[in-house]
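The following exercises concern one protein model.

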Amino acid sequence: MKKILYIDLDNTLVNVQSGIDRLTNAEYRRYEKRLDEVPGIFARMEPISGAIAAFQTLAQSFDTYILSMAPWGNASAWQHKLEWVQEHLGAGTNGPAYKRLILSHHKHLNRGDFLVDDGSAVGADRFEGELIKFLTPKFPDWNTVTRYLLERADTPPGPVPRTKQKSRSLRSIGLQAVTCPAR
Ligand SMILES: [Mg+2]
């Protein structure tokens, strides 16, 4: 079974500053100190460098979910977070984040093995698994995080041929693998 991995959105997958940079002067003045409440701000944000490729890679080896908080005072952020995920990770059933977006103010209630998050608010610091603190000296970027996580995955990346899996599990319980002719 794959280990459960949660990944935060803001400043982990999403470059929040890129949305702030696109605000008009009037918006900036009106919402100063509560910029996450600007209507539509999340729709203007770009992914963090390497985040999309990392998510796609990690989703092959982990049971991967997005776990993010959306501001209570900005209803459009709830919609725009979903739209951001659909735009950058795909909206269809084949997308690695299909129906895997969790918006919560209580991250500690989600059980799992790893949480990649730049912050410790809304329960991240009480997460029962390992908190991988993004944008810190130990985990400064997605290359570092991806390497660290893949070393701890139960499932290697990429498809494993069925016959190989079978003979490995037989050997592991002390039985000899029997190869059946293809039909
Ligand atoms: Mg964050």
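In which sense do strand 6 and strand 7 pair, and over how many bridges?

**Solution.** The model examined here is predicted. Strand 6 and strand 7 pair in the parallel sense, over 4 bridges. Within this pairing, Phe114 stands opposite Glu130 of strand 7.

**Exercise 1.** Give the strand order of the open sheet and identify the strands at its edges.

**Solution.** Step 1: the open sheet is formed by 5 strands in the order 5-4-1-6-7, with parallel pairing. Step 2: strand 5 (101-103) and strand 7 stand at the edges; each has a single partner strand, so one side of each lacks a neighbour in the sheet. Step 3: from one strand to the next, the twist averages 25°. In general, the strands of a sheet pair through backbone hydrogen bonds.

**Exercise 2.** Determine which residues of helix 5 (residues 142-150) are buried and what covers them.

**Solution.** Step 1: the buried residues of helix 5 are Trp142, Val145 and Leu149. Step 2: they lie on the same side of helix 5, because they cover an arc of only 65° around the axis. Step 3: a general rule applies: an α-helix has 3.6 residues a turn, so residues three or four places apart point the same way. Step 4: the elements covering these buried residues include strand 1 (4-7), helix 3 (51-61), strand 6 (114-117) and strand 7 (130-133).

**Exercise 3.** Describe the phi values and exposure of Asn11 and Lys99.

**Solution.** Step 1: most residues other than glycine have a negative phi. Step 2: Asn11, in the loop between strand 1 and strand 2 (14-15), has a positive phi of about 60° although it is not a glycine. Because Asn11 has 16 C-beta neighbours inside 10 Å, it counts as partly exposed. Step 3: Lys99, in the loop between helix 4 and strand 5, has a positive phi near 55°. With 8 C-beta neighbours inside 10 Å, Lys99 counts as exposed.

Definitions and conventions:
Residues numbered from 1 in each chain as written. Predicted model: local features only at pLDDT ≥ 70, side-chain atom pairs only at ≥ 80, totals over all residues. Buried ≥ 20, exposed ≤ 12 C-beta atoms within 10 Å, placed from the backbone. Helix = DSSP H or I, 4+ residues; strand = E, 2+ residues; numbered from the N terminus. Arc of directions from axis to C-beta. Contact = placed C-beta atoms within 7 Å. Pairing = 2+ DSSP bridges. Axes fitted to C-alpha atoms, helices over the stretch in contact; angles between N-to-C directions.
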